[in-house]
Amino acid sequence: MMIIFFSVMFFCGIWVFSSNRKHLLITLLSLEFIVLVLFLMLYVYLNGFNYELFFSMVFLTFSVCEGALGLSILVSMIRSYGNDYFQSYVMLQC
């Protein structure tokens with residue numbers, strides 16, 4: 001029952017990530033949602049087999065680093081271009 005719930009949540013996050021490419025913020029939020037679902041799946045899996053939860057802390061550390069990197073890209077993009085639209089800037093520009 002839980003695996004179906006987590007699978008639906010995961011594929012909803014993938015669907016939002018692939019369908020909405022207008023704003024960088026929505027893309028980053030959908031990536032964080034996917035990471036959160038993966039963390040919950042990992043936690044339930046490790047807790048079900050009575051394993052140590054150290055790996056989940058490592059996973060959370062990397063996901064926080066990923067979120068901080070995404071937010072820094074968002075801030076630099078807003079400071080440079082004034083918005084977070086993908087259509088408002090050229091990515092091949094140096």
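Mentor: Helices are DSSP runs of H or I with at least four residues, strands are runs of E with at least two, and both are numbered from the N terminus. On that basis Ser-30 is found in helix α2, which covers residues 24–48. Before going further, please keep in mind that this is a predicted model, in which local features need pLDDT of at least 70 and side-chain atom pairs count only at pLDDT 80 or more, while totals for chains, interfaces and linings use all residues. Residues are numbered from 1 along each chain as its sequence is written, and side-chain values use heavy atoms, with hydrogens and water left out.

Ser-30 counts as buried because its relative accessible area is 6%, where buried means under 20%, exposed over 50% and partly exposed in between, computed with a 1.4 Å probe and protein chains only. A polar atom of the Ser-30 side chain lies 2.8 Å from the backbone oxygen of Thr-27. Leaving aside residues up to four places away in sequence, Ser-30 touches Gly-13, Val-16 and Phe-17, a contact being heavy atoms within 4.5 Å.

In the model, the span 28–46 is 100% helix and 0% strand, with its end C-alpha atoms 27 Å apart, whereas the span 53–78 is 96% helix and 0% strand, with its end C-alpha atoms 38 Å apart.

For contrast, consider Gly-82, which lies in the segment after α3 (54–81) and is classed as exposed because its relative accessible area is 58%. The C-alpha atom of Gly-82 is separated by 23 Å from that of Leu-31, a residue 51 places away along the chain.

Turning to the whole chain, the secondary structure comes to three helices and zero strands, in the pattern α-α-α along the sequence. The C-alpha atoms fill a box of roughly 50 × 25 × 20 Å along the principal axes. The radius of gyration is 16 Å, against the value near 12 Å that a compact globule of 94 residues would have; this quantity is taken over C-alpha atoms, and the globule rule is 2.2 Å times the number of residues to the power 0.38. Buried residues, Ser-30 being one of them, make up 22% of the 94 residues.

Methods: A polar contact is a pair of N or O atoms within 3.5 Å; within protein, one must be able to donate a hydrogen and the other to accept it, and residues adjacent in sequence count only if both atoms are side-chain atoms.
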